[in-house]
Amino acid sequence: MTRFELYHSKPKKQFSWKGPIFVFLSCLVLAGGFLVFSHFYRSTIKIEAPEVDLGEKVVIHLPNGQKVFTYENLIIEKDGKTYYQGERNRIDLTGGTVTYENWENKDD
């Protein structure tokens, strides 16, 4: 054994668990904070559309034999004419007869 080896012993390689435990706990705290923040952020924003009352279901039989299936509150009368007033269009239904039927399960 040389003099250097005798007086300068090699330090033992020790593994410290402080570093990995700190990293793991930091990630755990960040993930938990993110989940709590997202939960409270989503619970504060609630967008609800107002309920629209469309009325009863009706069938309009037109003079040419066609049928229009719609709701009662979407039919308007203006200047003696009957119209279907949709969200983006208006259809002239003048001359048709309105019957109140449940057209949900019709096989026509």
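**Strands, loops and surface of a predicted model**

Me: Which residues does Thr82 touch, leaving out those up to four places away in sequence?
Reply: The model is a predicted one. Thr82 belongs to strand E4, which covers residues 81-85. Not counting residues up to four places away in sequence, Thr82 touches Ile75, Ile76, Glu77, Ile91, Asp92, Leu93 and Thr94.

Me: Is Thr82 buried or exposed?
Reply: The relative accessible area of Thr82 is 18%. Buried means under 20%. Because 18% lies under that cut-off, Thr82 is classed as buried.

Me: What is the bridge partner of Ile76 in E4?
Reply: E3 and E4 run antiparallel and are joined by four bridges. For Ile76, the bridge partner in E4 is Tyr83.

Me: How many bridges join strand E1 to strand E2?
Reply: Strand E1 spans residues 57-61 and strand E2 spans residues 67-71; the two run antiparallel. Among the pairs, Ile60 has Val68 as its bridge partner in E2, and His61 has Lys67. The number of bridges that join E1 to E2 is five.

Me: Which residue in the turn of the E1 and E2 hairpin has a positive phi?
Reply: The hairpin formed by E1 and E2 has five residues between the strands. In that turn a phi of about 100 degrees, a positive value, belongs to Gly65.

Me: Why is one side of E2 and of E6 left without a neighbour in the sheet?
Reply: E2 and E6 belong to an open sheet of three strands in the order E2-E1-E6, with antiparallel pairing. Both E2 and strand E6 (97-99) stand at the edges of the sheet, so one side of each has no neighbour there. The twist from one strand to the next averages 25 degrees. The reason is that E2 and E6 each have a single partner strand.

Me: What separates the C-alpha atoms of Gly96 and Val59?
Reply: Gly96 lies in the loop between E5 and E6 and counts as partly exposed at 25% relative accessibility. Leaving aside neighbours within four places in sequence, Gly96 is in contact with Ile60, His61, Leu62 and Pro63. Gly96 and Val59 are 37 residues apart along the chain, and their C-alpha atoms are separated by 9.5 Å.

Me: What separates the C-alpha atoms of Glu72 and Tyr100?
Reply: Glu72 is placed in the loop between E2 and E3 and is partly exposed, at 29% relative accessible area. Beyond residues up to four places away in sequence, Glu72 touches Leu54, Gly55, Glu56, Val58 and Tyr100. Along the chain Glu72 and Tyr100 are 28 residues apart, while their C-alpha atoms are separated by 8.6 Å.

Me: How much accessible area does the nonpolar patch that includes Trp17 have?
Reply: Trp17 sits in the loop between helix H1 (3-7) and helix H2 (18-44). With a relative accessible area of 58%, Trp17 is exposed. Phe15, Trp17, Ile21, Phe24, Leu25 and Leu28 form the patch on the surface, and their accessible area together is about 720 Å².

Note on methods:
Residues numbered from 1 in each chain as written. Predicted model: local features only at pLDDT ≥ 70, side-chain atom pairs only at ≥ 80, totals over all residues. Heavy atoms only, no water. Patch = residues over 30% accessible without salt bridge, like charges linked within 9 Å, V, L, I, M, F, W, Y side chains within 5 Å. Areas by Shrake-Rupley, 256 points an atom, 1.4 Å probe, with all protein chains shown as cover. Salt bridge = Lys/Arg side-chain N within 4 Å of Asp/Glu carboxyl O. Buried < 20%, exposed > 50% of the residue type's maximum accessible area, 1.4 Å probe, protein only. Contact = heavy atoms within 4.5 Å. Pairing = 2+ DSSP bridges. Axes fitted to C-alpha atoms, helices over the stretch in contact; angles between N-to-C directions.
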